[in-house]
Amino acid sequence: MCLFSEFDDAANLLAGNPDATTISIDEPSENPKNQYGLLQDSRREEDDELLGTDDSDKTELLAGQKKSAPFWTFEYYQTFFDVDTYQVLDRIKGSVFPIPGKNFVRLYIRSNPDLYGPFWICATLVFAIAISGNLSNFFIHLGKPAYQYVPEFRKVSIAATAIYAYAWLVPLALWGFLMWRNSKVMNIVSYSFLEIVCVYGYSLFIYIPTAILWIIPQKAVRWILVMFALCLSGSVLVMTFWPAVRDDNRRIALATMVTVVLLHALLAIGCLAYFFDAPDLNVLIPTAAAQNGTIVATKTQ
Amino acid sequence: MRDLKAVGKKFVHVMYPKKSSALLRDWDLWGPLVLCVSLALMLQGGSADSKEDGGPQFAEVFVIIWFGAVVITLNSKLLGGTISFFQSLCVLGYCVLPLTVAMLVCRLVLLASSGTVSFIVRLVVVMAMFGWSTLASTAFLADSQPPNRKALVVYPIFLFYFVISWMILTFTPQ
């Protein structure tokens, strides 16, 4: 790690003063910014707030230098876990409470994408969904005479496949798509693959308490929870990726945003449908259920 | 015989966790292997092996414990921990001992009855042993982590023992 101490110092200086453009070593890079400043003047103010454009050049340069260890050494992978506890907690908070006008990546990640958050949030979500689904089914079918409790362990591997596939393949597709559009239209903002994985990983956090609350066997409650979680994390995703597609063709930009939110919704609704049985509709007739146990059971399937 | 004594001494260390560097220095994987196999064996005979949604199979328990321990060790090393790979595996494996004891108690309780009272007894025992496992492994592993990342290292250990406790608690004999 001593190899990177000098770069760490510089990165720390920049992270500490994101708005300062008056550091002496940065003067050469101020000129490129002013070259296309005329075109972007109208959007400069909101860009600065959303993107921190003044430091994006430098931090991306330093980001490239930070990860220069060869990929077969352990130190290379350690750079993806260079986060402290309070940073992870801040990122989780940022993904749950979207601040209007602030970009998650620029505000929290700042060229230090980590893989800790995405990996362990996905792992927790897998087990939260599997365990909550199992508990919810247990409570729903509790009184029925023909019911035998099973732990349904197979579902853990299914949940793991679905969630890890979403957390890695969708960012890959989105990154590929953004790279392709970047080659056609000059975008100010471009995210690295790891930053997109980071945003997606942290945006899944809201589904963990949602999955636990899905134990409540009321259809209305479950759907309200889905909508609420989708609004929160969907808005974080939209506010993150909108600057990256804004300069593009209007229809393509809108289609991209709609797809992002749609896939996010699909994951939630798919998990709800597959892991959680539909709650009983005939809970008001317990005596009839006791007498005609099997008939009622088949009716509510 | 000497190896057997070493394994026995480590079992005692886990049951009464004190910060002793002796446990960390002379690591061995015999204890974890014995515990893993016995836990996986005791989790067999659960409901409906032939149906799709049964309990975990032998291989699944084995894979979860070893793969989980490897992932947690990698995680703590990537976050900058100073403990070696096999030392960490050794500690995580040995700290499964309280949960294996809980599994034994659960099976005995289930032999007696399988109603609500037995469930409450099993719940209390499993929760106590889960707490013991997590505290024991944290006591051994926490010192080797950088101070501002301790929670990041402890959380996966918590998740790991929680999943094992869940498997133990939901075991229902056929």
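Which residues of chain A does UniProt list for "transmembrane region"? The unreviewed entry gives 115-136, 156-180, 192-217, 223-245 and 252-276. UniProt positions follow the numbering used here, feature names are shortened, and annotations may be inferred rather than shown by experiment.

A quick word on the ground rules. This is a predicted model, where local features need pLDDT of at least 70 and side-chain atom pairs count only at pLDDT 80 or more, while totals for chains, interfaces and linings use all residues. Residues are numbered from 1 along each chain as its sequence is written, chains are lettered from A in the order in which they are written, and side-chain values use heavy atoms, with hydrogens and water left out.

Here are two of those listed spans. Helices (H or I, at least four residues) and strands (E, at least two) are DSSP runs, numbered from the N terminus.

Chain B has 8 helices and 0 strands. Of its 174 residues, 51% count as buried, meaning under 20% relative accessible area with a 1.4 Å probe and protein chains only.

Now for the largest pocket, which holds about 1000 Å³ of space. A pocket here is an open set of points on a 1 Å grid over the protein atoms alone, where a 1.4 Å probe fits, with protein on both sides within 12 Å along at least five of seven lines; lining residues have an atom within 4 Å of a point. Of the 38 lining residues, the closest to the centre are A:L135, B:F119, B:W166, B:L169 and B:T170. Helix 8 of chain A gives the largest share of the lining, 9 residues. By class, the lining has 26 nonpolar, 10 polar and 2 charged residues.

That same helix 8 of chain A also holds A:N137. Is A:N137 buried or exposed? A:N137 is buried, because its relative accessible area is 3%. Beyond its neighbours within four places in sequence, A:N137 is in contact (heavy atoms within 4.5 Å) with A:Y147, A:E152, A:F275, A:F276 and A:D277.

Finally, the largest nonpolar core has 113 residues. Such a core is a set of buried Ala, Val, Leu, Ile, Met, Phe, Trp, Tyr and Cys residues joined through side-chain atoms within 4.5 Å. Among those with the most contacts inside the core is A:Y207. Not counting residues up to four places away in sequence, A:Y207 touches several residues, including A:L125, A:L230 and A:H264.

Terms used:
Grid points are joined across faces, edges and corners, and a volume is the space filled by probe spheres set on the points. Ala, Val, Leu, Ile, Met, Phe, Trp, Tyr, Cys and Pro count as nonpolar, Asp, Glu, Lys and Arg as charged, and the others, Gly among them, as polar. Buried means under 20% relative accessible area, exposed over 50%, partly exposed in between (1.4 Å probe, protein chains only).
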